[in-house]
Amino acid sequence: MINTHEVENQVPAREGVDEFTSNVPLVEAVARWGRGGAEASARPEASAQAEASAQELARIGALVGSSAFQRDAERANTHPPVLQAFDRWGRRIDEVEYDDAYHRVIGAAVAAGAHTSAAAAPGPGANVDRAAAFLLFAQVEPGHACPVSMTHAAVPTLELAASGLRDEWMPRLLSRAYEPRLGGDGGGGGTTKQSALVGMAMTEKQGGSDVRANTTRAERRGGSGSSSGAASWGAEYGLTGHKWFCSAPMSDAFLVLAQAQHGLSCFFVPRVLPDGSRNVFRIQRLKDKLGNRSNASSEIELDGTTGWLIGEEGRGVATIVQMVTRTRLDCVIGSAAGMRQAVAEAAWHVRHRSAFGALLVDQPVMSAVVADLALESEAATLTAMRLARSYDEDADGAEQAFRRLATAVSKYWVCKRGAGHAAEALECLGGNGYTEAFPLARRYREQPLLAIWEGSGNVIALDVLRVLAREPEAFEAFFAEVGAAAGESPVFDAALAAARSLVRELSATDAASAAFLARELTERLALVLQGSLMLRYSPGGVADAFVRTRLGDEGGRQYGVLPRGADVAGILARA
């Protein structure tokens, strides 16, 4: 019998890889901006702390690069969550059932502090180390990153709650334990959970991003905590309405926007009330999404649901904005994580696959494509880590002003680049890349989400205009940061001057004309930020290729068009 099935020239499984130490730009960024990085030479204890952080990230890198973790990531997406609205006796329970693989993935992320480690142990570089851990987990399994991110982002908003509520819940958010059970009626355990994840429910079907169009009502109840036994939690309300998108509905509590007597307000809504009974939280259905399959997103009904006011009535947007801002930061980090996965898989493939008599990596047309993808990934990683550093507790006024603008422009640009980047990387694998047996098909479906979540492109671009109108100090801080690379490249200098000129133009124009140019402004700002970071912190050949292709006129409309003489080998060595 003739054997027709000899397997040759197939790429070995990319398993057993330390995803941290193999990511050179990430390692460098953590050494520079992470705990003790900049201060290590001056303080010996900072040097020891930096080494400990690097060792922990290497442990995480080995974990997420293991075959077992990758199998769990795949299974969590091929066995998606299922809504269990009722128990077998017909009682309403509104629970979501996840595969055990999902629980193992998110349990590992929480145990590593990928959610709230920076708040639990604040200090210079704390947010960078936390961002690096978050990136590593999201690189391999992005769906679980949603509740992890929202819990991280909820911390500053919860700080505004009444002392009793804050003291009760903050230790749970900072805990590194993961308890998948919900507790309360039908689940057992009452209020004995020592850890918690927190989500949010803002959007409604008639308004979407226009949350001021929300119709969910909040009615003040007599006294404080009169119906639930939580007198120290502040003003208690009953919430009634429908939320169109509520992600991770099995979270332990949610920040919810609703209309109170004095306007849109922010409320803390737990799934289980202090007396151990279940709050009214009716999950109507789970969304059938393009990607993000391992994470449940839902529509919910609130019907006299108990919630506690955070902040002041009528100040709901201002209260929840800190959560929104930090989830936008995580959108940038998550997009950078996706780009890293795409580059790592593409680079692995071309180094092991032969065609037309040579390894793909040795063929100039392919090496140029992967190198160009690597440039995009390195710029996104630098941007994400620099932004994370600006959220540390030692951020001064200028740094805080910088992050207000830089977070928005980076969220717009990096997240939008994600989908096209994933598509090109997938193509490097050929037909294999288009199958669900390889991770890039899943990544391709995942990347568009982060451009939508917490503000799609137009919302973000208009936010940039609002900052321009209201906070000129943010633009001053932004240009002070990016201007640190002035003189390093004539191409960069020209782009920086053009960006400054556009800001001046928009400052003097009418609102309609400014809105028409909002995307152009945001794109220019994002690119000069990335160009500045690359020029200051990446090797010369890498920075030169990025600046000439993204800020000059030597790049193409597709990946793989690099300047003549570009250091392709040097770029690929970092991939």
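Reader: How many bridges join strand β5 to β9?

Author: This is a predicted model, in which local features need pLDDT of at least 70, side-chain atom pairs count only at pLDDT 80 or more, and totals for chains, interfaces and linings use all residues. Residues are numbered from 1 along each chain as its sequence is written, and side-chain values use heavy atoms, with hydrogens and water left out. Strands (E, at least two residues) and helices (H or I, at least four) are DSSP runs, numbered from the N terminus; two strands pair if DSSP finds at least two bridges between them. β5 (residues 236-247) runs antiparallel to β9, and the bridges joining them number 10.

Reader: Why is β9 largely enclosed by the rest of the structure?

Author: Buried means under 20% relative accessible area (1.4 Å probe, protein chains only). β9 covers residues 297-310, and it is largely enclosed because its buried residues number 11 of the 14.

Reader: What is the volume of the largest cavity?

Author: On a 1 Å grid over the protein atoms alone, a cavity is a set of points where a 1.4 Å probe fits but cannot get out; a pocket is an open set with protein on both sides within 12 Å along at least five of seven lines; lining residues have an atom within 4 Å of a point. Grid points are joined across faces, edges and corners, and a volume is the space filled by probe spheres set on the points. The search of the whole structure finds 2 cavities of 30 Å³ or more. The largest has a volume of about 140 Å³.

Reader: Which residues lie nearest the centre of the largest cavity?

Author: Helices α6 (126-140), α7 (145-158), α9 (316-352) and α12 (439-452) each supply at least two residues of its lining. The lining has 15 residues, and nearest the centre lie Pro142, Ala145, Cys146, Leu450 and Trp453.

Reader: Which element gives the most to the lining of the second largest cavity?

Author: That cavity holds about 90 Å³ of space. Two or more lining residues come from each of α9 and α10 (364-389). With 4 residues, the most comes from α10.

Reader: Which element supplies the largest share of the lining of the second largest pocket?

Author: This pocket holds about 470 Å³ of space. Its lining has 26 residues, with Arg14 and Gln70 among the closest to the centre. The largest share, 5 residues, comes from α3.

Methods:
Buried < 20%, exposed > 50% of the residue type's maximum accessible area, 1.4 Å probe, protein only.
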